[in-house]
Amino acid sequence: MIKSAFESMMFVWGEPLDVKTAADVLDISKEEAMECFLELKEEYEQESRGIVVRQINKSFQFSTKAENAEYVERLCTPVKVRRLSQSALEVLAIVAYRQPVTKGEIDAIRGIKCDRVIEGLLRKNLVCEKGRSEAVGRPILYGTTDDFLKNFGFTSLKDLPEITDIESVINAEDAEEEPYESDARQITMEEVGYGETEDTVSELRD
Amino acid sequence: MSYKVTLRDFEGPFDLLVYLIENAQMSIYDIRISEITSQYLAYIRTMKALDFNVTSDFMVLAATLIDIKSRMILPRNNAAGEMIFEEDPRSELVERLLEYKKFRACADMLRDREEKMSYVFEKPQEDISEYLEQPDIYLSLDIDEFAKAFDLFLLKKKRVEEVSRHYTRIEREKASVESRMRYISNTFIKAYGRGVRRISFRELVPNAADRYDVVVSFVAVLQMMRDRYLDAEQNSLYGEITVLAGKRKMKEKPESEQQENDQIGI
């Protein structure tokens, strides 16, 4: 049975298993393999198993159910991936929604150079080069990778929420929150240990 | 008048500008340019004074703000002295800020997703090369030896079963280490009489089927080895243990004495 074979293969493979690779092993068509994977995914969902079949573009992978994280963590300490910085997330958001996009276009939106951030994202394999633009200097175009989809839990780029949906949520939140108090990133200068802060500022005011 | 400044690690000039606008509770569509420009410049000066790295990106936006401010202060008149109604000089900036805020919202969304996905675990790829190439030899044991050991095990089991079928087991008083030590020393003394100095550990266990009994003998032997009455040899791992007399002489004692805590005057 094909589904059963795919199940075993996914278990051993660990990482997302490409539909084409799996189809080649069983010598069936990609379409047939895709159908089987989707059925398998559906079955796991319906039986509400602790293992989830997740889809990343045209590959499938076993992962744990998020609801069980507490128990898994009580059992052992799984390796945690370090979270991305604010600037990395901003650049990644622009690449995700505007791809293929050049560094220049990203810089224009954020008002700051993004070379180093892009470098970091390339190293983490969250973005990749997607050819070159026809514009002057033929700058490199960037797009997101399958790892990006996987790490952020998207099935495909079509799965990205509409920007307008996000905006309405954010605006609603903004109305309630006091930006001054709630911003955790705020550092008062006294805390950092700059004693001359008050003087400097009053000088500026004069 | 107290004047307190808080500094964040701004991700760029727009981040700073949006913060200033929100902090002043201004509408992004109606920015009080002159107020914001002076605040923005004050911030940059403060950052420079504190040796923060103020990149040229911050200066570019500063120039843009000053440009907008000047265009708003000076109404353009044409040759006839009529005012020219041109587009709000702020509109381009507002558009860019909105665009920036939009992607900042996207970044927040991504952060939430990232957080949620941190509760999902996946497994690394299995290394199956071990099974594909050379299988490791885990047990270097001759098949005959292995079969013999297993036969012996079966035989023992069968005997025990036979016995327990015919007899009811009655637990006798458990032997103490002290009484076992006496038993062992007496066994050795008797063996001396026959000229035997080496005794298999097995022979020092009166009831080999009882694990407790084996353990008691083992502990007794260990204790007597510590006291240098006995010595032991074992030639291979899990092999036969041979017990031999140690440097100190053992003295006979009546075995029937079953007092707890009695000092063993061997």
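How many helices and strands does the secondary structure of chain B come to? It comes to 8 helices and 4 strands, where helices (H or I, at least four residues) and strands (E, at least two) are DSSP runs numbered from the N terminus.

## Basis of the model

This is a predicted model, in which local features need pLDDT of at least 70 and side-chain atom pairs count only at pLDDT 80 or more, while totals for chains, interfaces and linings use all residues. Residues are numbered from 1 along each chain as its sequence is written, and chains are lettered from A and ligands numbered from 1 in the order in which they are written.

## Chain B overall

Along the sequence, the elements of chain B follow the pattern β-α-α-α-α-α-α-α-β-α-β-β. Of the 266 residues in chain B, 19% are buried, a residue being buried if 20 or more other C-beta atoms, placed from the backbone, lie within 10 Å of its own.

## Strand pairing

In chain A, 3 strands form an open, antiparallel sheet in the order β1-β3-β2, and two strands count as paired if DSSP finds at least two bridges between them. Its edge strands are β1 (17-18) and β2 (51-56) of chain A, each of which pairs on one side only. Between β1(A) and β3(A) (residues 59-64) the antiparallel pairing runs over 2 bridges, and Asp18(A) stands opposite Ser59(A) in β3(A).

In chain B, strands β3(B) (residues 230-234) and β4(B) (residues 241-245) are joined in the antiparallel sense over 5 bridges, with Thr242(B) in β4(B) as the bridge partner of Glu233(B). These two strands, β3(B) and β4(B), form a hairpin with 6 residues between them, and Tyr238(B) in the turn has a positive phi of about 65°.

## Two helices

Helix α5(A), residues 86-98, has 13 residues and reaches 18 Å from its first C-alpha to its last, close to the 18 Å expected at 1.5 Å a residue; the expected span is 1.5 Å times one less than the number of residues. The buried residues of α5(A) include Leu89(A), Glu90(A), Val91(A) and Ile94(A).

Helix α4(B), residues 91-117, has 27 residues and should therefore span 39 Å at 1.5 Å a residue, which agrees with the 39 Å between its end C-alpha atoms. Among the buried residues of α4(B) are Tyr100(B), Phe103(B), Arg104(B) and Cys106(B).

Notes. Buried ≥ 20, exposed ≤ 12 C-beta atoms within 10 Å, placed from the backbone.
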